Amino acid sequence: MKTKLPAIVLLPLTCAMIAFATPRDESRYVLLAAPGQRLYESSPLGNGRLGASLYGGVTEERIVLNESGMWSGSPEDADRQDAHQALPEIRRLLLEGKNHEAEALVNANFTCAGAGSGRGAGANVPYGSYQTLGDLRLKFLGAEAPATNYRRTLDLAEAVARLTYEQNGVHFTREGFVSQPAEAFVLRLSADQPGKLSLDATLARTERATIEAVGKSGLVMHGQLNDGYNGTNGVRYAARLEVRAQGGSVEMIDHATVRVRQADEVLLFVTAATDIKRRSFAGRDVADPRATAEVDLAAALRTDFTALRQAHVAHYQKLFNRVSLSLGEPDAAAASRPAPERLSAFHSGAADPGLAALYFNFGRYLLISSSRPGGLPANLQGIWADSIQTPWNGDWHSNVNVQMNYWPAETTNLSELHQPLFALVDSLIEPGKKTAQAYYRARGWVAFLLNNPWGFTSPGESASWGSTVSCSAWLCQHLWDHYLFTGDREFLARAWPTLKGSALFYLDMLIEDPKSGFLVTAPSNSPENAFLLDGKPAHVCLGPTADMQLLRYLFDACIAASETLGTDPELRAELKTKRARLAPTRPGSDGRVLEWQQEYPEADPQHRHIAHLWGLFPGNEITPHGTPALAAGARKTLDVRGDVSTGWSLAYKMGMWARLGDGDRAHRLLRNALRPATAQTASKQWSGGTYDNLFDAHPPFQIDGNFGGTAAIAEMLLQSTPEEIVVLPALPSAWPDGSVTGLRARGGYEVDLEWRAGKLTRATVRSTGGGGTQLRYGATTVPVTFPDANRSAFVFKP
């Protein structure tokens, strides 16, 4: 009996490309059947900097406006300059097993200093908080009658929000988008009968805002945010509204309301600017926010609505259309159901593969809409916030959260959107050098988990969570991973001083644990978690497993980067020597991966953080093929951690189960992540789920779970190292048929996949710079070569 060999062909690149398919309706539209009352029931729009969230009210429409530079606070010196004096005693206590005493000393001497130290209420202290720009309010005249056939959609293929409804026999339509080319939010209101649009338009903000009339049809809102010292160094901002109508009348009322009566069509334009780049590391270079908003508005007004819309869609689709995902057969019934109904049915066990594709597309949409080159990184809520004091300051938490925001950047073909995170990392180097000196007398730079636009790198104000020392190493992973995906040597050369500086810090701060002979970090935390010592919770420890995994990755990256760039041989030698002495990842007596150097009892065995499995995902030191014993330990660890948690934690576990090759377990986590969340969810800490508009629930809304979920779905379909591409490594049985185009693989490749009845039918690999790799599908491995990388594609048919 002859064994059928897989078909391997090289095709001209144009023949091998699968044309981009517009998402099917069930994975294209986030459909809502009622007006929203809260941000997580709105339709969010954004161009990376400017945001607008449409609530869809019939009698009164609230549109929350955002600008990514709306940050209060200002630079501060939060380092304790004499902290290093306490370091020897902290370490002595840890080495003697006196963790409680060491933790007390950390709290007293080794946290941040000053009033503005980011305690989660930073709006009025120097640390600062990301804030809403304000509201655009529309009050409709004669709209009291019940509305019928209400339908509100967010079109992920075009980044356009649309609302239709009928009232008093009139069909009304609203259509809005935030254009990157025009730097403007544009909203069109129309009716199928003339003279039926009458409304009052206002701008509002609860504090630090002056609102003035501009002619008879415009408003400007401007002000300056609190710098934390009640001074005049805060960010200045301005928002400009202009209303244009066809038919009817437009007039100004009381210098604060644009009144429209009996119009046939109404166009509203909002532009906004801040001068944050004059004070921080990113954003538009704006000297006068009001003048910039006026310039943007004038440009938008010179272009008709159709041309503005076409330019917006074309610009957006250059990014969005790089990847297309189809799961299952077309499902018109699913496409007709509002998102809350789909979430409820899916969580209850209904089959809806299109919902997973919708969630994937939504995550890519959010990243495109909240992170663009030259701008600030997507924060804990992307760019969408409705308050002055945003939860957790809407900052960049770097013990998992901001990293998770960017997990989809490379794999889902949005590589250039990674740049704002790299800019954040660059901004931490100089203040991080001061922190390294003040606390450790170490070379290089370090940043702890709280990061803002003002260069905050100090430890947090509590030893229980604020002394995790490996956050900056995790940030550096993104620099090296970007290089692995792109092969961009110029980027690597620019990133090398950052990588080198981080490695120098850790080389200096490591100490030897005399009990084991291994090198460990000290002091540190396993992120936000606790163990029991003498029956009491303790947090501060020696060398938590997550630190050791991250340092191995960082040292390996620096060794490889220095070899590639032909630089720093002495540093490379030191890294190799100390890397070999780092405490290894080990299983405990029950087979689970140890989270700490000792097998302490756990204070919370189901804790939301799973940092000690970083080496499984997003790291690469634990794999089923390379380290089967540790992979088995990781599986046991995840079993005990459980399948119920907060939103981002569920996304994290999805990625881990995907790396273990268990697609069905990953899909179970997806089902839990898409559990419907409501206003009541916020009363249940760490309860997770997904809100009506598909925003992730921490709770409250926190966007990292959306990005992590998107990345995990990509991991279920494609995984890679520089040496190998693994296709369909964790395909769940719930997705027996499907296709994906445009995913990216390390080494410099783009991959398309098709499968039927749970089996791969075709894999196409195109080089974006890579010269050859290995493709693995199940037990089959084949070499991938490109005689002409610019003209051919590799096609594999099992």
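Trainee: Contact here means heavy atoms within 4.5 Å. With that in mind, which residues does Tyr440 touch, leaving out those up to four places away in sequence?

Mentor: Tyr440 touches His84, Leu87, Arg91, Phe110, Thr435, Phe448, Val469, Phe505, Met509, Ala522 and Pro523, not counting residues up to four places away in sequence. Keep in mind that this is a predicted model, where local features need pLDDT of at least 70 and side-chain atom pairs count only at pLDDT 80 or more, while totals for chains, interfaces and linings use all residues. Residues are numbered from 1 along each chain as its sequence is written, and side-chain values use heavy atoms, with hydrogens and water left out.

Trainee: Which core residues have the most contacts inside the largest nonpolar core?

Mentor: Phe185, Tyr440, Phe555 and Tyr652 have the most contacts inside that core, which has 222 residues. A nonpolar core is a set of buried Ala, Val, Leu, Ile, Met, Phe, Trp, Tyr and Cys residues joined through side-chain atoms within 4.5 Å.

Trainee: Switching topic: is Asn452 buried or exposed?

Mentor: Asn452 counts as buried because its relative accessibility is 1%. Asn452 touches Trp71, Tyr127, Phe281, Trp396 and Leu424, not counting residues up to four places away in sequence.

Trainee: How far is the C-alpha atom of Asn452 from that of Ser74?

Mentor: The two C-alpha atoms are separated by 9.4 Å, although Asn452 and Ser74 are 378 residues apart along the chain.

Trainee: Back to Pro523. What kind of peptide bond joins Ala522 and Pro523?

Mentor: A cis one, with omega about -5°. The bond from Phe617 to Pro618 is also cis, with omega near 10°.

Trainee: Where is Pro523 found?

Mentor: In the loop between strand S22 (519-520) and strand S23 (531-533). Helices (H or I, at least four residues) and strands (E, at least two) are DSSP runs, numbered from the N terminus. The chain has 21 helices and 32 strands.

Trainee: What is the phi of Ala159?

Mentor: About 60°, a positive value although Ala159 is not a glycine. Ala159 lies in the loop between strand S7 (148-155) and strand S8 (160-167), and it is buried, with a relative accessible area of 4%.

Conventions: Buried means under 20% relative accessible area, exposed over 50%, partly exposed in between (1.4 Å probe, protein chains only).
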